[in-house]
Amino acid sequence: MNKKEYMKEYVIRNKEKKKEYDKIYREKNKEKTKEYYQKNKEQIREKRKDYLKEYVKKNSEKIKEYQKEYKKQNKKRIQGLRRLYYIKTKKEHLARAKAYNYYKDHNFVCVECGIDENIELHHPNYNEPLNIIPYCKEHHINLHNNLKNNGNKNMQIM
Ligand SMILES: [Zn+2]
Ligand SMILES: [Zn+2]
């Protein structure tokens, strides 16, 4: 092997070694960071909060300016979102109130297990406020988890 070849070999071998070493170092550090975070969770959170507070205080003018600019540029979008949110919550609210008034003297039982305590009314569709299905808390949560897993985002928890 001449010198050139040897150097080439050396670089390649070292690259592999370095890669291996970096990997181990990263893994070790990950564990350490995790451990450190777990041990100092509260302090870290407090520190972050303080830092954020300080940052906001120091940059309040800049932030205000930025928010103003953002609002100006996204006026239509913000208004639309606000309106959507208002309509949505209003609909839910009305559906809940209507169902509650209508059914308040009923003694519901969970359709899954027949329990009659802590019954929640499930609204498959807020456009039909009186169309409700009674569930106990546990089965209501189960139902929503299933709906979520099936990708049905139209179902709202109530
Ligand atoms: Zn529900
Ligand atoms: Zn149940």
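The legends below describe close-up views of a predicted model of a protein.

Residues are numbered from 1 along each chain as its sequence is written, and chains are lettered from A and ligands numbered from 1 in the order in which they are written. Because the model is predicted, local features need pLDDT of at least 70 and side-chain atom pairs count only at pLDDT 80 or more, while totals for chains, interfaces and linings use all residues.

**View 1. The whole protein.** Five helices and two strands make up the secondary structure of the protein; helices (H or I, at least four residues) and strands (E, at least two) are DSSP runs, numbered from the N terminus. Along the sequence their order is α-α-α-α-β-β-α. The C-alpha atoms fill a box of roughly 95 × 50 × 35 Å along the principal axes. The radius of gyration is 29 Å, whereas a compact globule of 158 residues would have one near 15 Å. This radius is taken over C-alpha atoms, and the globule rule is 2.2 Å times the number of residues to the power 0.38. Of the 158 residues, 6% are buried. A residue is buried if 20 or more other C-beta atoms lie within 10 Å of its own, exposed if 12 or fewer, and partly exposed in between, with C-beta atoms placed from the backbone.

**View 2. Helix 1 and Met 7.** Helix 1 covers residues 3-39, and Met 7 is found in it. The end C-alpha atoms of helix 1 are 52 Å apart, which agrees with the 54 Å that its 37 residues should span at 1.5 Å a residue. The expected span of a helix is 1.5 Å times one less than its number of residues. Met 7 counts as exposed because it has 11 C-beta neighbours inside 10 Å. From Met 7 to Asn 145 the C-alpha distance is 60 Å, and the two are 138 residues apart in sequence.

**View 3. Helix 3.** Helix 3 has 14 residues, 60-73, and reaches 20 Å from its first C-alpha to its last, close to the 20 Å expected. Where does helix 3 lie? The number of buried residues in helix 3 is zero, so this helix lies largely in the open.

**View 4. Helix 5 and Lys 137.** Helix 5 (residues 137-149) has 13 residues that should span 18 Å, and its end C-alpha atoms are 18 Å apart, which agrees. Gly 151 follows helix 5 and has a positive phi, near 75 degrees. Lys 137 belongs to helix 5 and counts as partly exposed because it has 13 C-beta neighbours inside 10 Å. Its C-alpha atom is 8.8 Å from that of Cys 110, which is 27 residues away along the chain. Leaving aside residues up to four places away in sequence, Lys 137 touches Asn 118 and Glu 120; two residues are in contact if their C-beta atoms, placed from the backbone, lie within 7 Å.

**View 5. Asn 118 in a loop.** Asn 118 is found in the loop between helix 4 (75-103) and strand 1 (119-122). Its phi is positive, near 50 degrees, in a residue other than glycine. Asn 118 is exposed because 11 other C-beta atoms lie within 10 Å.

**View 6. Confidence in the model.** The mean pLDDT of the protein is 87, and 96% of its residues reach 70 or more. pLDDT is the predictor's confidence in each residue, from 0 to 100. Confidence is lowest in helix 4, at a mean of 87, and highest in strand 2 (residues 133-136), at 94.
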